[in-house]
Amino acid sequence: MTIEYFDPDTVTDRESFFRFAEWLISDRRIADEKETADPQRYKWGGANDWQNSSIASFLEGALAGAEAQDDWGQGTAPTWKDLAVLLYLGKIYE
């Protein structure tokens, strides 16, 4: 069963972080299939709201998204939720 959406804000611990990461992998694989099947449709933006399909652009998006948020990672050690948000930013941030 594929989960339609997994909100990174619901990540609270190691186990839910791993479930989120597994969802993200599945979501990217589904996006790959859609993009391969209809490349013209996804010419200007990826399927399933993916903005970054390579590891380099994914990491650039994650870092740029985190840097754009003034309060992200300030003052405390990152939580599992913070790590999930970082990965999610890699998906959506251009």
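Student: Where is the place of Asn 52?
Tutor: Asn 52 sits in the loop between α1 and α2 (55-68); helices here are DSSP runs of H or I, at least four residues, numbered from the N terminus. This is a predicted model, where local features need pLDDT of at least 70, side-chain atom pairs count only at pLDDT 80 or more, and totals for chains, interfaces and linings use all residues. Residues are numbered from 1 along each chain as its sequence is written, and side-chain values use heavy atoms, leaving out hydrogens and water.

Student: Is Asn 52 buried or exposed?
Tutor: Asn 52 counts as buried because its relative accessibility is 8%, and buried means under 20% relative accessible area (1.4 Å probe, protein chains only).

Student: Nice. Which backbone oxygens does the side chain of Asn 52 reach?
Tutor: The backbone oxygen of Gly 90 is 2.8 Å from a polar atom of that side chain, and the backbone oxygen of Tyr 93 is reached at 2.7 Å.

Student: Switching topic: where is Glu 35 found?
Tutor: Glu 35 belongs to helix α1 (residues 14-37).

Student: Why does Glu 35 count as buried?
Tutor: Because its relative accessibility is 18%.

Student: And which residues does Glu 35 touch?
Tutor: Not counting residues up to four places away in sequence, Glu 35 touches Arg 28, Tyr 42, Gly 46 and Ala 47, where contact means heavy atoms within 4.5 Å.

Terms used
Helix = DSSP H or I, 4+ residues; strand = E, 2+ residues; numbered from the N terminus. Buried < 20%, exposed > 50% of the residue type's maximum accessible area, 1.4 Å probe, protein only. Polar contact = N/O pair within 3.5 Å; in protein donor to acceptor, adjacent residues only side chain to side chain.
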